[in-house]
Amino acid sequence: MRTMIPVILSGGSGTRLWPLSRESYPKQFLPLAGSDTMLQATWLRIAPLASAAPMVVANEEHRFMVAEQLRQVGCVPSAILLEPVGRNTAPAIAAAALQATREGADPLLLVLPSDHVIKDAAAFQAAVRRAEPAAAQGRLVTFGIVPAGPETGYGYIRAGAEVGEGVRQVAQFVEKPDAATAQQYVASGEYVWNSGMFLFRASVFLAELGRQQPAMLEACRAAVEGARRDADFVRLDKAAFAACPADSIDYAVMEHTDAAAVLPIDVGWNDLGSWSALWEVAEQDGEGNAHHGDVVAQDCRNTLAWGEGRLLALLGLEDVVVVDTADAVLVAHRDRVQDVKGIVARLKAQGRAEPATHRKVYRPWGSYDSIDVGDRFQVKRITVKPGASLSLQMHHHRAEHWIIVSGTGRITRGEEVLTLSENQSTYIPLGVKHRLENPGRLPLELIEVQSGSYLGEDDIVRFEDVYGRG
């Protein structure tokens, strides 16, 4: 049996689920449909099928989150390919295929976005097994979702003659239709939703890409050949990848090849492309309300309320979405949630931070939460993971006061090295080199009070950093 390597695509920004999903912490890293994050759930549902460790293609800024979240579920990828810039799915998959064939192998690649919900994992695994023979014989198989209704938010595929066990030739790819056309598609029984999941031999995909998009293939080849290996990460060559044309696998290959095939499946799939999609898959009460967090609702119907901390109280609402995070609140009609990306675009145009980052920011060593800010001061709650260390650094414009709340901190301050525990504190003067480490086995929690003329995150001069940051 041919080796099957899962290729997990984790490069999306998830703007339609703002304010919960942000550029620096998009939806694939969130536990939106269970206790596992979307990325973790993607691996866990296909782990029984994999005959080799997966590859992940990710944004360079997300590299530590990818590695840590997969480590938490016992997954060690064979490679985490880092995109220096986003170039859509075709180049991402091409880079993975080139990496997979570097030693002369020609495995099957099971290509999966990292942010989909599949409720029936066993049925999906069985579908992949059904698709294997066609893929091994040279078909580029996509998994088409049997429509649950006339959805206008998805592309459609018209299935043709059968070419394998349930696998059918692709007769036509269709753009997102209007409501009347979608109704006709569903009524005909010939169409399925385009899921963006694929199974094919690496060599077959690369050959088809070379026929359809030779410039893209050559740019990806140069990016992989010029890549640098850095611990678990494969850093694609920036200049070569940036020069690559950007396009989806559908536009670049699938719509133009004679090798395209589709396997219709009904597995409880949802791409969580909007808050209304999350409402559909969430557990609802008898009035159609789906709530997460500390929520009290009275006389409400078909609402989605997502709270991250404080109490949310809803009264007399219908078909409304309320999402509350530490620094932003979204209130929207369920019929309009697809337009959230317009709000995000406006915030970006205003130069605001909310589209990109949460108040709580995750770092490879832990996290910090900016709990208060004012004129010439800022207060942060900092958590450092056991054994982790911040960079040796200094600031030109601010001093810092550190108060240990729990755990043990080893602190470098100039030429001194201090070990502090609960209820102890220290002061880092402006311009002094310093480092914070957690030598213990429990998380280190501290309160940091910054004071000075400028408190931006770019006022950091790093001298040593175990995470390779400049």
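This is a predicted model: local features need pLDDT of at least 70, side-chain atom pairs count only at pLDDT 80 or more; totals for chains, interfaces and linings use all residues.
**Charges over rings**

I started with Lys433, whose charged end sits over the ring of Phe463 at 4.2 Å from the ring centre. My cut-off for a charge over a ring is NZ of Lys or CZ of Arg within 6 Å of the ring centre and within 35 degrees of the ring normal. Arg334 does likewise with Trp279, its charged end lying 3.7 Å from the centre of that ring.

Residues are numbered from 1 along each chain as its sequence is written, and side-chain values use heavy atoms, with hydrogens and water left out.

**Aromatic pairs**

I searched the whole structure for aromatic pairs and got 12. Rings of Phe, Tyr and Trp (its six-membered ring) pair if their centres lie within 6.5 Å; planes under 30 degrees apart are stacked, over 60 edge-to-face, and the rest tilted.

I looked up Tyr25 and Tyr362: the centres are 4.6 Å apart and the planes are at 15°, so I log this pair as stacked. Tyr25 is in the loop between strand S1 (4-10) and helix H1 (38-46), and Tyr362 is in strand S20 (residues 360-363), so the pair ties together parts 337 residues apart in sequence. Helices (H or I, at least four residues) and strands (E, at least two) are DSSP runs numbered from the N terminus. Tyr25 is buried at 14% relative accessible area, whereas Tyr362 is partly exposed at 39%. For those words I use under 20% for buried, over 50% for exposed and partly exposed in between, with a 1.4 Å probe and protein chains only. Phe29 joins in as well: ring pairs link Tyr25, Phe29 and Tyr362 into a cluster.

Next I checked Tyr156 and Tyr185, a tilted pair with 5.2 Å from centre to centre and 55° between the planes. Tyr156 belongs to strand S7 (residues 156-162) and Tyr185 to helix H5 (residues 179-188), so this pair connects parts 29 residues apart in sequence. Tyr156 is buried at 0% relative accessibility, and Tyr185 is buried at 12%.

**Glu208**

Is Glu208 buried or exposed? It is buried, at 9% relative accessible area, and it lies in helix H6 (residues 202-212). Its side chain makes a polar contact with the side chain of Arg211 at 2.4 Å. A polar contact here is a pair of N or O atoms within 3.5 Å; within protein, one must be able to donate a hydrogen and the other to accept it, and residues adjacent in sequence count only if both atoms are side-chain atoms. Leaving out residues up to four places away in sequence, Glu208 touches Leu140, Val253 and Thr257, where contact means heavy atoms within 4.5 Å.

**Sheets**

I traced an open sheet of four strands in the order S14-S16-S18-S19, with mixed pairing. Two strands pair if DSSP finds at least two bridges between them. Strand S14 (290-292) and strand S19 (329-333) are at the edges with a single partner strand each, so one side of each has no neighbour in the sheet. S14 pairs with strand S16 (residues 304-307) in the parallel sense over three bridges, and His291 has Ala305 in S16 as its bridge partner.

Then I moved to strand S25 (residues 409-413), which pairs antiparallel with strand S26 (residues 416-420) over five bridges. Thr412 has Val417 in S26 as its bridge partner. That hairpin has two residues between the strands, and Gly414 takes a positive phi near 65° there. S25 also runs antiparallel to strand S28 (residues 434-437), joined by four bridges; there Arg410 is partnered by Glu437.

Gly407 is in the loop between strand S24 (398-406) and S25, partly exposed at 27% relative accessibility. Its C-alpha is 4.5 Å from that of Leu444, 37 residues away in sequence.

Which peptide bond did I log as cis, with omega near 10°? The one from Trp18 to Pro19, with Pro19 in the loop between S1 and H1.

I also noted positive phi in residues other than glycine. Leu272 has phi near 45°; it is in the loop between strand S13 (269-270) and helix H10 (275-281) and is buried at 0% relative accessibility. Asn302 has phi near 55°; it lies in the loop between strand S15 (295-298) and S16 and is partly exposed at 24%.
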